[in-house]
Amino acid sequence: NRFPITFPISSGVLISPFWSDVDVPEGDVGSIGFRNTADPPFLAALDLEILHATGDQIVSTHAFVTSWVDVTHYVADAENSRNTFQAIITTDGENSFVILQYDSISWTT
């Protein structure tokens, strides 16, 4: 069994932007990266997106961004099956929001 837990998870909290077996083969073009940012223009764009989506007005103090770029499935054809998506967690110190963004999805499981 390649999945250590079944979904949905009955206890705890989980943020799962794309529940699957993502793979980045060695030497391949796909990548997974993350960063923590307090860049004012970036945070202002997040705040505006949150306002439009929820009606909540916040002033984010920082955000944690994780990006999956051109990743493939563990058993997929790496040449033709690529997904790019992103998860952003932002907070104003009191309230937190998760923004999930999907650029290109060419495979699912």
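Two strands are taken to pair if DSSP finds at least two bridges between them; strands (E, at least two residues) and helices (H or I, at least four) are DSSP runs, numbered from the N terminus. In this predicted model, strand 4 (residues 83-91) and strand 5 pair in the antiparallel sense over 9 bridges. Ile 89 stands opposite Val 98 in strand 5. The hairpin of strand 4 and strand 5 has 4 residues between the strands, and Gly 93 takes a positive phi near 95° there.

Residues are numbered from 1 along each chain as its sequence is written, and side-chain values use heavy atoms, with hydrogens and water left out. The mean pLDDT of the protein chain is 86, and 83% of its residues reach 70 or more.

Phe 18 and Trp 107 form an edge-to-face pair, 5.0 Å centre to centre with 90° between the planes. Phe 18 lies in the segment before strand 1 and Trp 107 in the segment after strand 5, so the pair ties together parts 89 residues apart in sequence. Ring pairs link Phe 18, Trp 68, Phe 85, Tyr 102 and Trp 107 into a cluster.

Terms used
This is a predicted model: local features need pLDDT of at least 70, side-chain atom pairs count only at pLDDT 80 or more; totals for chains, interfaces and linings use all residues. pLDDT is the predictor's confidence in each residue, from 0 to 100. Rings of Phe, Tyr and Trp (its six-membered ring) pair if their centres lie within 6.5 Å; planes under 30 degrees apart count as stacked, over 60 as edge-to-face and the rest as tilted.
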